[in-house]
Amino acid sequence: MAKLTKKQKEAASKIEKNKLYSLKDASSLLKTVASAKFDESVDIAVRLGVDPRKANQMVRGVVTLPHGTGKDVRVLALVTPDKEAEAKAAGADFVGLDDYLQKIKDGWTDVDVIITMPAVMGKLGPLGRILGPRGLMPNPKTGTVTMEVGKAVAEVKAGKIDFKVDKTGIVHAGIGKVSFDADKIVDNAHEIIQTLIKLKPTAAKGTYIKSIHLSSTMSPAIALDPKAV
């Protein structure tokens, strides 16, 4: 096991063992234990009482964070020429089609989100082995395959994120930056937690939200009281 640095030990000492914090207290505490010289990302990890191996217990969705992610999201719009102006006006960083499809085939994936149109999905199919593992394959369920290209680009730029429960039953998501006011971290965390509650599968039995942890890029995780949120 790797040894903790002096800063890591100091941060860990500020977090009471076995204590379940309120969302408000955890958000404030997180700002004091983050010690990196850069603006660390704030992450939330929610363990759900579901079995992701069963299709009727898969949890996946989208949420628009009230205060955004604090991250400059790079968006590629793979669209036909008649939609290029719309995508550019909405703030897409890269706009085009065949040239970018070729770049992706050659290994380029330097974007965070790809938005496209139903008519283009056929061309994206063969690139699934490249885009899939990186979480970049557009999906109608997350609003990244749509005819309303401009709207989709604007929403992603404003803080819309998609999430999916992993094979261990945990949903991970970036919900802001340490530089955010504690209240903004609270709002963003509350939004994704409430969205997860609404998405509870009918097949899920027993306790649905088993645990919630808040952390920054370099800090220890802070356990939240699920009942309090």
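**View 1. Helix α3 meets helix α7.** In this predicted model, helix α3 (residues 81-89) and helix α7 (residues 149-158) have axes that come within 8 Å and cross at roughly 30 degrees. Angles under 35 degrees count as roughly parallel, so that is how α3 and α7 run relative to each other. The crossing of α3 past α7 is right-handed.

**View 2. The residues that touch between α3 and α7.** On the α3 side, look for K83, E86 and A87, and on the α7 side for V149, G150 and V153. Sorted by class, this α3 and α7 contact has three nonpolar residues, one polar and two charged.

**View 3. The open sheet.** Here three strands line up in the order β4-β3-β5, and their pairing is parallel. What stands at the edges? That's β4 (94-96) and β5 (113-116): each has a single partner strand, so one side of each is left without a neighbour in the sheet. Going from one strand to the next, the twist averages 15 degrees.

**View 4. Strand β3 beside strand β5.** Zoom in on β3 (residues 75-78), which pairs with β5 in the parallel sense over four bridges. For a handy spot to start, find L76: its bridge partner in β5 is I114.

**View 5. Helix α7 on the sheet.** Back to α7, one of the helices from the opening view. Which strands does α7 lie across? They are β3 and β5, and α7 runs at about 165 degrees to β5.

Key: Residues are numbered from 1 along each chain as its sequence is written. This is a predicted model: local features need pLDDT of at least 70, side-chain atom pairs count only at pLDDT 80 or more; totals for chains, interfaces and linings use all residues. Side-chain values use heavy atoms; hydrogens and water are left out. Axes are lines fitted to C-alpha atoms, for helices over the stretch in contact, and angles run from 0 to 180 degrees between N-to-C directions. Helices (H or I, at least four residues) and strands (E, at least two) are DSSP runs, numbered from the N terminus. Angles under 35 degrees count as roughly parallel, over 145 as roughly antiparallel, 65 to 115 as roughly perpendicular and the rest as oblique. A crossing is left-handed if the near helix is turned anticlockwise from the far one by less than a right angle, and right-handed if clockwise. Contact means heavy atoms within 4.5 Å. Ala, Val, Leu, Ile, Met, Phe, Trp, Tyr, Cys and Pro count as nonpolar, Asp, Glu, Lys and Arg as charged, and the others, Gly among them, as polar. Two strands pair if DSSP finds at least two bridges between them.
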